[in-house]
Amino acid sequence: MVDARVATVMAYHARSKHALDRYAAGPGTLDWEAQPAAFRDWTGCAQTALPRRVLVSDIAWGELGAAREPLPFDTNTLGSFFRLSLGLTAWKEYGSARWSLRAHPSSGNLHPTESWLITSQVADIVDGLHHYQNLYHALERRAWNDEASAPGVWLGFSSIHWREAWKYGERAFRYCQLDMGHVLAAVSYAAALHGWQPRLLQPDAAATAHALGVDRSEDFANVEAEEAEVILALHADGDAPTSWQHYAGAPSLLDPRPLYQWPVIDEVSVATRGTPPSCHSRERGNPEHTNNPCDARTNSTAFSIDPLDSRFRGNDGSESDIRAAQVILKRRSAQAFDNESVIPQALFKKMLGSLLAGSSPVWKLWPHTPRVHPVLLVHRVQGVAPGLYVLPRADSAIDALRSAMRDSFSWQRADESLPLYQLVAARAGKTARTLSCHQDIASHCAVTFMMVAEFAAPIAADAAAYRHLHWEAGMLGHIVTLEAEAAGWRGTGIGCFFDDADHEVLGLKDAQFQVIYHYAVGMALEDTRISTLPAYA
């Protein structure tokens, strides 16, 4: 018998697919003047302004993986960390329109993710639960206890589904989870620059919601709800507090006149509640379980590289001297590509190498068996023939993907240093454009990524894997976009694609594998009509 939660997830995924002859259910019209507010305030909370100076601005991009002494936790270092992970990076203006950019991208720049900081015995910050208000780069103290807990610093995240659903309808839950992956990756990079190693905690969904205070129905009675996602530790001598004696403040209303409701989002949200995958799950379950998401050593070998390997260093084979903080703060999502620039082979290999274990700070936060594998439509890469390629990120995925995909695919090894295989040699620009909801960005770029997830088995084992697979896909997109940015190129996520048309091209006939994200990298065209202003005056 199929678990009810799993059935709910599979039904949601099927009904939220876009198809060549129809799109998933969404709003019939959009009033951009009535867009939900981009920032949530907690009125009635004591606010602590964070310093805006970036303390690690001198570290080169190529030195990200180097070991460094961790900085102490205080308002200065946390202010620096938030600037590089969750803060604003710029304002844009065009005519009367004005919008902000952040250190991590978001579907439609709608930013459903809310960020929380829990502190205990941190210099210059009172103990308690704080909402990070990135508009002001400040902490809003939401809750606290009378007694101090063990010293620690924890980050928490929640999603406001309506921010995405306002524009994207039923498919919005997927986008919220992809955004969560980008956020986790952004946190990993910023933490590495400060010498910190974040780790995922394992409280269940109810405990996470209670720790973040988003389960208090009386507080959210007349405003948009927040769905708890995850808590991670930046530094801790013990567990994060999971309950509070005192609360303050009320959340602001984001949209006073919502025109639509999408109850299926609430249904899949409930069905996918759980805990993040743990590398200690072997102690609690069957060590032979083939769907164990733990470290690759349990049942599969994750392909890995040494980030200092000369084959994966820089645009021309040597590491660029661009500063890591500069890469993060200038990152933008491309709106259009030039349809002619050719990516250097060294950069192409570095981007792909960064998706493998050991190559990015992200894989220290997420050291699990890879379950999302990029398929690439290569348009213009130096020394690489146009065509369809696949990068299995674990050895166990090779045979599974080969068995599931078209028999006619050649599976020719395309690189000696990467697990990259050519499937078809052909120009794929028109195919990429069609599959990506007829968007030019998918064909005018140099490479289009399709993130193919091991799907049915992980979800059958735990419905919460539906979230985690999207997180992993978002992490892959974030790594690619930062590597591209560091070399003067640019990336952009493509959440709109025709799901089963993707699967038909690849020959995927069932839910063993599913495409859950597209990503494009190329040389961006800048719109000179749009002005760029500082993030914080």
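Me: In which helix does glutamate 485 lie?

Reply: A helix here is a DSSP run of H or I with at least four residues, a strand is a run of E with at least two, and both are numbered from the N terminus. Glutamate 485 lies in helix α14. Before we go on: this is a predicted model, where local features need pLDDT of at least 70 and side-chain atom pairs count only at pLDDT 80 or more, while totals for chains, interfaces and linings use all residues. Residues are numbered from 1 along each chain as its sequence is written, and side-chain values use heavy atoms, with hydrogens and water left out.

Me: Is glutamate 485 buried or exposed?

Reply: Look at the relative accessible area: under 20% is buried, over 50% is exposed, and in between is partly exposed (1.4 Å probe, protein chains only). Glutamate 485 comes out at 1%, so glutamate 485 is buried.

Me: And which residues is glutamate 485 in contact with, leaving aside its neighbours within four places in sequence?

Reply: Contact means heavy atoms within 4.5 Å. With those neighbours left aside, the partners of glutamate 485 are Val327, Lys330, Arg331, Arg332 and Arg490. Beyond four places in sequence, leucine 212 is in contact with Trp116, Leu129, Gly156, Phe157, Ala228 and Ile231.

Me: Which residue counts as exposed, at 70% relative accessibility?

Reply: That one is glutamine 261, which lies in the loop between β12 (250–251) and α6. Its C-alpha atom is 8.9 Å from that of tryptophan 166, although the two residues are 95 places apart along the chain.

Me: How many aromatic pairs are there?

Reply: A pair of aromatic rings is described by the distance of the centres and the angle of the planes. Rings of Phe, Tyr and Trp (its six-membered ring) pair if their centres lie within 6.5 Å; planes under 30 degrees apart are stacked, over 60 edge-to-face, and the rest tilted. That rule gives 19 aromatic pairs. Take phenylalanine 73 and tryptophan 196: their ring centres are 4.2 Å apart and the planes meet at 25°, so the pair is stacked. This pair links distant parts of the chain, 123 residues apart. Phenylalanine 73 sits in the loop between β2 (46–49) and α2 (75–85), and tryptophan 196 in the loop between α4 (172–193) and β9 (199–200). Phenylalanine 73 is buried at 17%, and tryptophan 196 is buried at 5%.

Me: What about phenylalanine 82 and tyrosine 132?

Reply: They are stacked too, with 4.3 Å centre to centre and 20° between the planes. Phenylalanine 82 is in helix α2 and tyrosine 132 in strand β6 (residues 128–133), so they are 50 residues apart and link distant parts of the chain. Phenylalanine 82 is buried, with a relative accessible area of 0%, and tyrosine 132 is buried with 2%. Phe73, Phe81, Phe82, Tyr132 and Trp196 make up one aromatic cluster.

Me: What volume does the second largest pocket have?

Reply: On a 1 Å grid over the protein atoms alone, a pocket is an open set of points where a 1.4 Å probe fits, with protein on both sides within 12 Å along at least five of seven lines; lining residues have an atom within 4 Å of a point. The volume, meaning the space filled by probe spheres set on the points, is about 890 Å³ for the second largest pocket. Of its 41 lining residues, the closest to the centre are His161, Glu224, Ala225, Glu226 and Asp266. The largest share of the lining, five residues, comes from α6. Elements that each supply at least two residues include α3 (161–168) and α14 (465–486).

Me: How confident is the predictor, and where does pLDDT stay under 50?

Reply: pLDDT is the predictor's confidence in each residue, from 0 to 100. The chain has a mean of 92, and 93% of its residues reach 70 or more. Values stay under 50 over residues 280–292, where the model has 17 contacts beyond four places in sequence. Residues 315–319 also stay under 50, with 13 such contacts.
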